[in-house]
Amino acid sequence: EGQLIYSRYIDDLFSTSQFSSAEKIKVYGTKCSEAEKQFIAKMGEEKHTFEVAAFSTENYPASEAVEYGKNNAEKFAKYSLSVITVDDESEAKSILKQINANEITFEDAVSEKSQKYYSSADGAFTGGYSYQIENAIDNTDDLAKLTGLGKDTLSEVIRTKRGYSIFKGTGDKVAADFDNEETVNVVLSYMKQAEKGIIEEYFTKVAADFTSEAAITSFDKACAKFNVEKKDIAAFPINYANTEFYAKTTDVEDASAISSNAAAYKTMFSLKIDEISAPFILGNKIVVAKCAGIQNDTVTDFETVAEPLYQANQTTMQNTIMASDKVVDNFFA
């Protein structure tokens, strides 16, 4: 009896039952008018094709990274530290007091009391570059207290991003060697995580020069001069958030990231035929796009959007019901 009531209620709201499978007229549930189907379907009729030159931020030159590293050399100086970390400040202060009173060794405290949030099993701080130490501590003003530690010297209790820590100097500072490939790779990795804007700015300038060249000569000649592969993007409509109604941009090579980028959509779909865009960010690339064509594919079978519309309506109504403060966790039970 309970299941019949439940089924009747769900069927009233969401039924896919039909008077006639040929006519696709719903008995109950949400309906889609012919005007709605046509309106939605026609939104995907206009499609644009593009030629694209994409500069990947993954290809940031090592020479630029070296220049950044030399200008920020202290970030990449390496320090040898060990660390004890606990969750409670009073416990950390107690441990420090015990170590200073020779009641427990630093090594035993590492083994018996330390959470290994920032260290290996033996207490060695994982990653001793200055920027890594700075990332671990809660207050950047404490950085100097740690980078200035002498060998076998203990810090005061330092608040870290996870808990409270006592640091111990275990070796001498090693200055960054930017002739060393490993150091350069460290700088590149750091910049991709923390200085993405600098990398994007570099490629934006390169792409701006490309745009100027393309305007003077041609898109193809600019691609050849800047050694970048031109990609031809097949016709696709505006489909923000990759709805089910039109072709999904996840299938569009070198433009898939546009689905969640309203600014990129506006830039690309505002171009007139043969017009070249200013550089813009699209995913991990700086892109220059040229509109190669605009076409209108007239839709006559409006039923192609009917099922996605039913699904969208059903999802919306379910979300509305579930958002009610009258709904409790055992709703479906």
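Among contacts in the protein chain between residues at least 6 apart in sequence, what percentage join residues at least 24 apart? In this predicted model, the share is 61%.

**View 1. The protein chain as a whole, with its helices and strands.** The secondary structure of the chain amounts to 12 helices and 7 strands. Its radius of gyration is 30 Å, well over the 20 Å that the globule rule gives for 333 residues, so the chain is more spread out than a compact globule. Taken along the principal axes, the box filled by the C-alpha atoms is roughly 90 × 75 × 25 Å.

**View 2**

**View 3. The open sheet formed by strands E2, E4 and E3.** This sheet of 3 strands has the order E2-E4-E3, and its pairing is antiparallel. Strand E2 (81-86) and strand E3 (158-159) are the edge strands, each of them pairing on one side only. Strand E4, made up of residues 164-169, is joined to E2 by 6 bridges, and E3 is joined to E4 by 2 bridges.

View 4. For Ile-158, the bridge partner in E4 is Ser-165. The hairpin of E3 and E4 has 4 residues between the strands, and in this hairpin Gly-163 takes a positive phi near 90 degrees.

**View 5. Strand E4 and the two directions of its side chains.** In a regular strand the side chains alternate between the two faces of the sheet. In E4, Tyr-164, Ile-166 and Lys-168 point one way, whereas Ser-165, Phe-167 and Gly-169 point the other way, and all of these residues are buried. Because 6 of the 6 residues of E4 are buried, the strand is largely enclosed by the rest of the structure.

View 6. Val-83 has its place in strand E2. With a relative accessible area of 1%, Val-83 counts as buried, because the cut-off for that term is under 20%. By contrast, Pro-61, which is 22 residues from Val-83 in sequence, lies 35 Å from it in space, C-alpha to C-alpha.

**View 7. Ser-277 in a loop.** Where does Ser-277 have its place? Ser-277 sits in the loop between helix H11 (262-269) and strand E6 (280-282). Its relative accessibility is 3%, so Ser-277 counts as buried. Apart from neighbours within four places in sequence, the residues in contact with Ser-277 are Thr-211, Thr-267, Leu-271, Val-287, Val-288 and Ala-289.

Notes
Residues numbered from 1 in each chain as written. Predicted model: local features only at pLDDT ≥ 70, side-chain atom pairs only at ≥ 80, totals over all residues. Heavy atoms only, no water. Rg over C-alpha atoms; globule rule 2.2 N^0.38 Å. Contact = heavy atoms within 4.5 Å. Pairing = 2+ DSSP bridges. Buried < 20%, exposed > 50% of the residue type's maximum accessible area, 1.4 Å probe, protein only.
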